[in-house]
Amino acid sequence: MYVVGEAILSRRRGASPRVREKGEKKVRMAFFEMEIYEVSMSFVESVYKLTRSFPEEERYCLVSQMRRAAVSIPSNIAEGNGRGHSKEYLHFLYNARGSLMELRTQFDISKRLGYLNEADYSSLTESYERLRRMLMNLISSIRRKSVSKSGLKEK
């Protein structure tokens, strides 16, 4: 966001700057325009592709659990973004973070059971780490904005 004279320019990824007049209410970026949403959707695709090679006996156990946890991440980002208050948004982002942590544990289990080779495991954990950093940055940003609006000091 940039201030130019009396107008404020807001730039979304891949889009031209939009001019927002001074005093115009700031609108939260739509979830499907956020980079974290795109990264989390790609992460879901990776999990689905890699779990296709898991043994048939894991179809309704580990595979199902991993896929649900992966789908939960972008779903919670989207649902939280649609909520009216920062506190609710944070709640859903914390849920997304929990699902991400759950999935990391399942990667470790899959590797120990021999379902993931070293290359696939490394790829997944790198993607996990990128998404974890993005999620923590988004959470921190919303917490800072929420605290600054309330006039309270952050703990």
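User: Starting with Arg-83: what does that residue count as, going by relative accessibility?

Analyst: Arg-83 counts as partly exposed, at 31% relative accessibility. Keep in mind that this is a predicted model.

User: Why "partly exposed" at 31%?

Analyst: Buried means under 20%, and exposed means over 50%. Arg-83 has 31%, so it falls in between.

User: Which side chain does Arg-83 meet in a salt bridge?

Analyst: That of Glu-79. The N to O distance is 2.7 Å. Glu-79 is partly exposed too, at 36% relative accessibility.

User: Which residues are linked in a network with that pair?

Analyst: Glu-88 joins them. Glu-79, Arg-83 and Glu-88 form a network of salt bridges.

User: Why would side chains like these pair up at all?

Analyst: Opposite charges can pair when the charged atoms of the side chains come close.

User: How many salt bridges does the structure hold?

Analyst: Eight. One of them joins the side chains of Glu-35 and Arg-130, at 3.0 Å from N to O. Glu-35 sits in helix H1 and Arg-130 in helix H4, so this pair ties together parts that are 95 residues apart in sequence.

User: What about Arg-104: which residue is its salt-bridge partner?

Analyst: Asp-108. The closest N and O atoms of the two are 3.4 Å apart. Both residues lie in helix H3, which covers residues 86–112. They are four residues apart, about one turn of the helix.

User: And how accessible are Arg-104 and Asp-108?

Analyst: Arg-104 is partly exposed at 24%. Asp-108 is partly exposed at 26%.

User: Let's zoom out. How many helices and strands does the chain have?

Analyst: Four helices and three strands. Along the sequence, the pattern reads β-β-β-α-α-α-α.

User: How much of the chain is buried?

Analyst: Buried residues make up 35% of the 155 residues.

User: Give me a residue in helix H2. Where does Asn-76 lie?

Analyst: Asn-76 is in helix H2, residues 62–81. It is buried, with a relative accessible area of 10%.

User: Which side chain does Asn-76 contact?

Analyst: The side chain of Ser-72. The two are joined by a polar contact of 2.9 Å.

User: New topic: Met-41. Where is its place?

Analyst: Met-41 is in helix H1, residues 35–51. It counts as partly exposed, at 33% relative accessibility.

User: What separates Met-41 from Val-71?

Analyst: Their C-alpha atoms are 8.0 Å apart. Along the chain, the two residues are 30 residues apart.

User: Last one, the surface. Which residues form the positive patch?

Analyst: Arg-28, Arg-144, Lys-145 and Lys-149 form a positive surface patch.

User: Where is Lys-145 found, and how accessible is it?

Analyst: Lys-145 is found in helix H4, which runs over residues 118–150. It is partly exposed, with a relative accessible area of 46%. Patch residues need over 30%, so Lys-145 passes that cut-off.

Note on methods
Residues are numbered from 1 along each chain as its sequence is written. This is a predicted model: local features need pLDDT of at least 70, side-chain atom pairs count only at pLDDT 80 or more; totals for chains, interfaces and linings use all residues. Side-chain values use heavy atoms; hydrogens and water are left out. Patches are made of residues with over 30% relative accessible area and no salt bridge: like charges are joined within 9 Å, nonpolar side chains (Val, Leu, Ile, Met, Phe, Trp, Tyr) within 5 Å. Accessible areas come from the Shrake-Rupley method with a 1.4 Å probe; for residues, only the protein chains shown count as cover. A salt bridge is a side-chain nitrogen of Lys or Arg within 4 Å of a carboxyl oxygen of Asp or Glu. Lys and Arg count as positive and Asp and Glu as negative; His and the chain ends are not counted. The place of a charge is taken as NZ of Lys, CZ of Arg, CG of Asp or CD of Glu. Helices (H or I, at least four residues) and strands (E, at least two) are DSSP runs, numbered from the N terminus. Buried means under 20% relative accessible area, exposed over 50%, partly exposed in between (1.4 Å probe, protein chains only). A polar contact is a pair of N or O atoms within 3.5 Å; within protein, one must be able to donate a hydrogen and the other to accept it, and residues adjacent in sequence count only if both atoms are side-chain atoms.
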